[in-house]
Amino acid sequence: MGKNEFLEKLQLRLSGIPQVDVDERVSFYSEMIDDRIEEGLTEEQAVAELGTVDEIVSQILSEVPLTAIVKEKVKSNRALRVGEILLIILGSPLWISLLVAIFAVVISVYVTIWSMIVAIWAVDFSFAVVAVSGIFSLFVFSAMGKVVSGIAMLGVGIAFVGITILGFLICLWVTKAIIWATKWVFLKIKSGLIRKETV
């Protein structure tokens with residue numbers, strides 16, 4: 001693919017984000033291609049080294065705030081008519097209520113998910129406390145002359161060390177998965193807004 005074709009495709013795919021950002025990104029990739037051509041690559045090789053248009057668009061969308069895309073999407077290219085303004089005003093009790101309800105549901109789901117993450121980390125922390133207490137109990141029970149009970153508590157402590165390590169790995173994996181899923185959802189929302197814009 002040549003430089004001009006690449007830049008046209010990129011510009012078309014980015015048409016749903018603010019024009020300032022589109023111009024900035026297209027200019028950036030144009031200069032990057034020119035630099036690679038100056039280093040001795042052909043135009044096609046320089047474009048190929050950048051990656052696919054889809055990969056570049058995904059990267060750019062992850063950097064552009066969702067609010068900027070929504071503002072660009074709802075920005076009108078023409079002045080509103082009096083009838084449209086009246087409909088917006090008269091319908092505001094309904095659409096404002098719906099927007100608040102949707103926002104509340106989304107926020108509550110997000111908070112619930114992160115509350116569960118905090119809860120599993122708290123459970124793992126409590127396992128760590130049991131592990132330390134069990135190991136420490138060996139000395140307490142031994143000082144009281146109850147060596148067998150102390151050894152039993154040491155066994156419990158060691159078992160909970162293993163459970164704590166396993167729990168830590170699970171908590172870490174779940175947290176990373178939730179962060180990845182959150183980024184993926186926002187990227188899909190942004191991509192959906194852009195795709196509708198270009199159709």
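**Exercise 1. Work out whether Ser-137 is buried or exposed, and where Ser-137 sits.**

Step 1. Ser-137 counts as buried because its relative accessibility is 14%; buried means under 20% relative accessible area, exposed over 50%, and partly exposed in between (1.4 Å probe, protein chains only).

Step 2. Ser-137 belongs to helix H6, residues 82-143. Helices here are DSSP runs (H or I, at least four residues; strands are E, at least two), numbered from the N terminus.

Step 3. Setting aside neighbours within four places in sequence, Ser-137 is in contact with Ser-142, Gly-150 and Met-153, where contact means heavy atoms within 4.5 Å.

Before you go on, a word on the model: it is predicted, so local features need pLDDT of at least 70 and side-chain atom pairs count only at pLDDT 80 or more, while totals for chains, interfaces and linings use all residues. Residues are numbered from 1 along each chain as its sequence is written, and side-chain values use heavy atoms, with hydrogens and water left out.

**Exercise 2. Describe how H1 packs against H2.**

Step 1. Two packed helices are described by the angle between their axes and the distance between the axes. The axes are lines fitted to C-alpha atoms, for helices over the stretch in contact, and angles run from 0 to 180 degrees between N-to-C directions.

Step 2. Apply them: the axes of H1 and H2 cross at roughly 160° and come within 10 Å. H1 and H2 are therefore roughly antiparallel (angles under 35 degrees count as roughly parallel, over 145 as roughly antiparallel, 65 to 115 as roughly perpendicular and the rest as oblique).

Step 3. Assign the handedness. This crossing of H1 and H2 is right-handed: a crossing is right-handed if the near helix is turned clockwise from the far one by less than a right angle, and left-handed if anticlockwise.

Step 4. List the residues. H1 contributes Lys-3, Phe-6, Leu-7, Leu-10 and Gln-11, and H2 contributes Gln-19, Val-22, Asp-23, Val-26, Tyr-29, Ser-30, Ile-33 and Asp-34. Sorted by class, the contact of H1 with H2 has seven nonpolar, three polar and three charged residues. (Ala, Val, Leu, Ile, Met, Phe, Trp, Tyr, Cys and Pro count as nonpolar, Asp, Glu, Lys and Arg as charged, and the others, Gly among them, as polar.)

**Exercise 3. Bring in H3 and describe its packing with H2 and with H1.**

Step 1. H2 (residues 19-38) and H3 (residues 43-50) have axes 9 Å apart, at an angle of about 125°. That makes H2 oblique to H3, and their crossing is right-handed.

Step 2. Tyr-29, Met-32, Ile-33, Arg-36 and Ile-37 of H2 meet Glu-43, Ala-46, Val-47, Glu-49 and Leu-50 of H3. These residues divide into seven nonpolar, no polar and three charged.

Step 3. H1 and H3 also have axes 9 Å apart, packed at an angle of about 30°. Here Lys-3, Asn-4 and Phe-6 of H1 meet Glu-43, Val-47 and Leu-50 of H3; by class, that contact has three nonpolar, one polar and two charged residues.

**Exercise 4. How many salt bridges does the structure hold, and what do some of them join?**

Step 1. The structure holds four, a salt bridge being a side-chain nitrogen of Lys or Arg within 4 Å of a carboxyl oxygen of Asp or Glu.

Step 2. One of them pairs Glu-5 with Lys-9, with the closest N and O atoms 3.6 Å apart. Both residues lie in H1 (residues 3-13), four residues apart, about one turn of the helix. Glu-5 is partly exposed at 40%, and Lys-9 is partly exposed at 39%.

Step 3. Another joins the side chains of Arg-13 and Asp-54 at 2.3 Å, N to O. Arg-13 is in H1 and Asp-54 in H4 (residues 53-63), so the pair ties together parts 41 residues apart in sequence.

Step 4. Arg-36 and Glu-49 form a salt bridge too, their closest N and O atoms being 3.1 Å apart. This pair links H2 to H3, and so ties together parts 13 residues apart in sequence.
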